[in-house]
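This report walks through one protein model, beginning with the chain as a whole and ending with a few single residues. Please keep the sequence and the picture at hand while reading.

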Amino acid sequence: MPTYSHSQLSTYETCPYQYKLAYIQKIKIDIEGIEAFMGSRVHDALEKLYRDLKLIKLNTLEELLAFYHQSWEKHWNGTIQIVRKEYSPEDYRRLGEKCITDYYNRYSPFDQGRTLGLEETIYFPLEEEKGYWIRGVIDRLALLNHSILEIHDYKTSSRLPTQRDVQSDRQLAFYQMGVEGKWKDIQEIKLVWHYLVFDAEIQSLRTPDELRQLRQETMDLIRKIESDRDFTPRESPLCDWCDYQSLCPKRRHRIVAESLPPNEYLQEEGVTLINRYVELKEKKGILIGEMDAEIARVEEALFAYAQREELEAIYGSGHVAKIKVEVKEKYPLKGDPQRRALDEFIKNAGKWMEVSDLNPWMLARILERGGWPPSLAQKVREFSTVEKNRTITLSKLKERD
Ligand code: SF4
């Protein structure tokens, strides 16, 4: 039975190539980022807090932090990676400690509801035919006043989403679908995010219509994933945290080159070729600049000569230059504040179709990003032809810490 999870779908949305490696080829990479490591340790501590509470044992903050530090020591290993080199493991450890302390002080004595489940697995069909299933794990499920079910999720990310962001969050909405109908007399299901780094709680409710729409959007996304044949790598700032950089065509060479000792690094074929290429491009840029300046000087002299001698053609040994001076009307380009007013004016005059034009580049970009419904995109694609372009795009490497 095809089964998807929120993180699996998010991986595809972030980078289809990473998705292919992780979920189709099922390649396991034995490294973990420190952010994920710290998040797991904080989750362990909060799980212990509520698990013990089920047995009427309230841990003191000191006991909980002692557990956190023990768990940190026990799980720490050499494969944990720190991308932001300006921070040390101790910085992350202290941040985790602060998350737990703030949470503890905010909710102690933890009597806001009765915990029904911790690390609760959900598994439910996405559509009536039960062809696709969703699975997930709820951090904590709580019951309030015998009628309100709360789905709690702990986040240790360093970005605080807006209310609008969480309103369209898929993960907890999936959890809601997974628990709906499981208990009698539930009148409301509340989604609760704890952004621990900010000591912030954000809540949201979902209507049946919103959940129906989410099911539809998720099915569309699954169809897109299942019809993808290319799984094109999509570079983004998140690449620095990607476990698959050493297998990715966009990052592999960087990883290989950076792992070489300095004397071998400069001998490496790719590094040598790029350095030579940059040198030639820079030289070319300088030469072109000099030539352009020289050409501009000669052109000026030609215009001045033609004007002085009242000529429209000037003859050299093997060439003739026709000199033409004309005055052309210029209209505001896109981005010019006047442009919008001009567009409106032409539209109101009923002449828009005479001057508007399809932008094939924009069209290809929209289709590539999946911006139009698949059936429409498919029909539009019937007008396209395939052309292979070879390009080399140079960009300066950012300074790495
Ligand atoms: S490094 Fe970036 S582009 Fe490559 S697989 Fe990972 S996320 Fe995708």
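Of the 401 residues of the protein chain, 16% count as buried, where a residue is called buried if 20 or more other C-beta atoms lie within 10 Å of its own, exposed if 12 or fewer do, and partly exposed in between, with the C-beta atoms placed from the backbone. The model is a predicted one, in which local features need pLDDT of at least 70 and side-chain atom pairs count only at pLDDT 80 or more, while totals for chains, interfaces and linings use all residues. Residues are numbered from 1 along each chain as its sequence is written.

**The chain as a whole**

The protein chain holds 15 helices and ten strands; helices (H or I, at least four residues) and strands (E, at least two) are DSSP runs, numbered from the N terminus. The radius of gyration of the protein chain is 31 Å, well over the 21 Å that the globule rule gives for 401 residues, so the chain is more spread out than a compact globule. Here the radius of gyration is taken over C-alpha atoms, and the globule rule is 2.2 Å times the number of residues to the power 0.38. Along its principal axes, the C-alpha trace of the protein chain spans about 105 × 65 × 40 Å.

The chain is divided into domain 1 (118–216), domain 2 (269–322) and domain 3 (336–401), with bounds that come from an automatic or database domain assignment. Between the C-alpha centres of domain 2 and domain 3 the separation is 33 Å. Among contacts in the protein chain between residues at least 6 apart in sequence, 63% join residues at least 24 apart, and two residues are in contact if their C-beta atoms, placed from the backbone, lie within 7 Å.

**Strands around β5**

Strand β5 (133–144) takes part in several pairings, and two strands pair if DSSP finds at least two bridges between them. The table lists these pairings.

| Strand pair | Bridges | Direction |
|---|---|---|
| β1 and β5 | three bridges | parallel |
| β4 and β5 | ten bridges | antiparallel |
| β5 and β6 | five bridges | antiparallel |

H146 counts as exposed because it has 11 C-beta neighbours inside 10 Å.

**A covered helix and a buried valine**

Is helix α7 (residues 171–179) mostly covered or mostly open? Helix α7 is mostly covered, since seven of its nine residues are buried, namely L172, A173, F174, Y175, Q176, M177 and G178. The elements that cover these buried residues include α1 (6–14), β4 (114–125), β6 (148–155) and α8 (208–227). After α7 comes G181, whose phi is positive, near 80°.

V42 is found in helix α3 (residues 34–54), and V42 counts as buried because it has 25 C-beta neighbours inside 10 Å. Leaving aside its neighbours within four places in sequence, V42 is in contact with G96, C99, I100, Y154, T156 and L196. V42 and G270, by contrast, are 228 residues apart in sequence and 43 Å apart in space, C-alpha to C-alpha.

**Backbone details**

Most residues other than glycine have a negative phi, and most peptide bonds are trans. The peptide bond from S108 to P109 is cis, with omega near 10°, and P109 has its place in the loop between α5 (89–107) and β4. E310 sits in the loop between α11 (269–309) and β9 (313–315), and its phi is near 55°, a positive value in a residue other than glycine. With 6 C-beta neighbours inside 10 Å, E310 counts as exposed.

**Around the ligand**

Which of the 14 residues around the ligand come nearest? They are C15, P233, C239, C242 and C248, where a residue is near a molecule or strand if its C-beta atom, placed from the backbone, lies within 6 Å of it. By class, the shell around the ligand has eight nonpolar, two polar and four charged residues; Ala, Val, Leu, Ile, Met, Phe, Trp, Tyr, Cys and Pro count as nonpolar, Asp, Glu, Lys and Arg as charged, and the others, Gly among them, as polar.
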